[in-house]
Amino acid sequence: MKVTSRFMIRAALVLSAGGALGAFGACKDNSAGPTPPPPPPPPPIAAPTALAATTTGATSVALGWTDNANNETGFRLERCSGAGCTNFAQVGTNLAANAVTFTDEGLTASTAYSYRIRAFNATDTSAFSNTLNVTTTAVTASPSFTMAGAGEISTCNSNAGPVATSLLVKNILAADTSAIAFTVGNNLADMTPGSTFQSCFVGKGWDDFRSKTWYAIGTGDFGTDRGPDGVYGYLGDRTGPAHKGWFSFDKGSWHVVVLNTSDWEHGSSWTFGIDPQLNRVPSEQVDWLTADLAATTKPCIAVISWERRLYTTSGGGLGRNSNMLPMGNIMHDFGVDVLISAKDKLYARFAKANPTDGSPDATRGLRQFIVGTGGRTLDSETPPPGPTLREAEIRQWGVLKLTMAENSYSWEFISTVPGGATDTGTAQCNQ
């Protein structure tokens, strides 16, 4: 039979489709060789070393270690508590790759803790570092400190009073280097045109410890023509930001607020946040006071303000200054302990009260002191107190010395008169 090319093509197609090429003597191709071995496993993760506590506190431990790996995804820190403990558990979430520090917070004071750390990635975990043993420190009480000061200090013509009261403060500052001085406004209350702090205040004693004094502002400080430049130009940052005059600071376990209750610069409504009809109006200072008191974590609060909320009327009754109503309400809302005021040129102490209506409040009330006894002059006598909150009243030049402890305070009025009148006491902070 003649084999044509058409037959050969057809036969090749049939055999190829059936996988039968071997029928024509084709051989299997074994040229691929043996199967290659699998790739080697990744190198192990090097363990961190030199785990140490860089600082310690009563409720936190700051940790550091050496990162010896270059292929980690992160770190897992473990902790257990108690001397010789072994029940380690991870602290928080995984730490990032290349991290070498971590602060563990929220611990218990005077407690032993053990730590260890290891690195990890998606397929492996390193060995643990060395085990670190550390004990948190004990909680220490905030140190107490002393504040001493007065308001209504000087005029251009007054000398004996300011010098005598400044000497009392100097003695207190010399006896306690941690003590601070304060004023309660009307540092220089002189309306004589051209009078300045440099000509009428400097040289009368109170300027001698200016760097340790915090100043509150009174309306008299602006005088007739001293104006803001005359006030802030002399007082500088010792009375807070210029053209504001309010600020706060922390010392020990106390938060101290100094207000600007002079209405010379900004007007009465803006200064106090209330209009003559007792309607609330916008006030940057009042808004700041709310935010400042809301932010503090200190257990005790004192406010220094030239204007006072409570006072004794000419008839011997209890007066309530309406300008201070909004700020008085805010102080009561946040449990302010002490309000130190001046304006009246005398010393007075009032029982703890709700400043909204002047009613007694032994639980959350504030205790107000009036200490306008800095030396420029004194008010005339007023009738003895009736059934009011006034518990003490002294008409002598002098200063108020406050000892601010961890959860309490003590007060002492010190007269410039040898053997003169005094007023002392101790009270707990509002809880």
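Predicted model: local features only at pLDDT ≥ 70, side-chain atom pairs only at ≥ 80, totals over all residues.

Me: Which residue is joined to C200 by a disulfide?

Reply: The partner is C156, with an S to S distance of 1.8 Å. C156 sits in the loop between strand 9 and helix 2, while C200 belongs to helix 3 (residues 197–200), so this pair ties together parts that lie 44 residues apart in sequence.

Me: How many disulfides does the structure hold?

Reply: There are 3 disulfides, and, counting the bonded cysteines along the chain, they follow the pattern 1-2, 3-4, 5-6. One of them joins C80 to C85, S to S 2.0 Å, and both of its ends are buried, C80 with a relative accessible area of 3% and C85 with 14%. Another is formed by C300 and C429, whose sulfur atoms are 2.1 Å apart.

Me: Where in the chain are C300 and C429?

Reply: C300 is in strand 14 and C429 in the segment after strand 25 (423–428), so the pair links distant parts of the chain, 129 residues apart. C300 is buried at a relative accessible area of 0%, and C429 is buried as well, at 4%.

Me: What about handedness, is the link of C300 and C429 right-handed or left-handed?

Reply: The link of C300 and C429 is right-handed, with 110 degrees about the S-S bond. For C80 and C85 the torsion is about 75 degrees, so that disulfide is right-handed, and the bond of C156 and C200, also at about 75 degrees, is therefore right-handed too.

Me: Switching to helices. Which residues of helix 2 are buried?

Reply: They are G161, P162, T165, S166, L168, V169, I172 and L173. Seen down the axis of helix 2, these buried residues fall within an arc of 150 degrees, so they line one face of the helix. The face turned away from that buried side carries the exposed residues A160, A174 and A175.

Me: And what do the buried residues of helix 2 pack against?

Reply: They pack against four strands by name: strand 9 (145–150), strand 10 (180–183), strand 23 (398–404) and strand 24 (408–415). As for the length of helix 2, its 16 residues (160–175) should span 22 Å at 1.5 Å a residue, and the end C-alpha atoms are 23 Å apart, which agrees.

Me: Which residues are buried in helix 6?

Reply: In helix 6 the buried residues are Q285, V286, L289, D292 and L293. They cover an arc of only 125 degrees around the axis, which puts them on the same side of helix 6, whereas A294 and A295 are exposed on the other side. The buried residues of helix 6 pack against strand 12 (247–251), strand 13 (254–258), helix 5 (268–272), strand 14 (300–304) and helix 7 (325–333).

Me: Where is I117 found?

Reply: I117 is in strand 7 (residues 112–120), and it is buried, with a relative accessible area of 0%. Leaving aside neighbours within four places in sequence, I117 is in contact with several residues, including P48, L51, W65, F75 and F128.

Me: Last one: is A216 buried or exposed?

Reply: A216 counts as buried, at 0% relative accessibility, although its place is in the loop between strand 11 (213–214) and helix 4 (227–235). A216 and V184 are 32 residues apart in sequence, yet 5.0 Å apart in space, C-alpha to C-alpha. Beyond its neighbours within four places in sequence, the contacts of A216 include T183, V184, N187, V258 and I304.

Methods. Residues numbered from 1 in each chain as written. Heavy atoms only, no water. Buried < 20%, exposed > 50% of the residue type's maximum accessible area, 1.4 Å probe, protein only. Helix = DSSP H or I, 4+ residues; strand = E, 2+ residues; numbered from the N terminus. Arc of directions from axis to C-beta. Contact = heavy atoms within 4.5 Å. Expected span 1.5 Å × (residues − 1). Disulfide = S-S within 2.5 Å.
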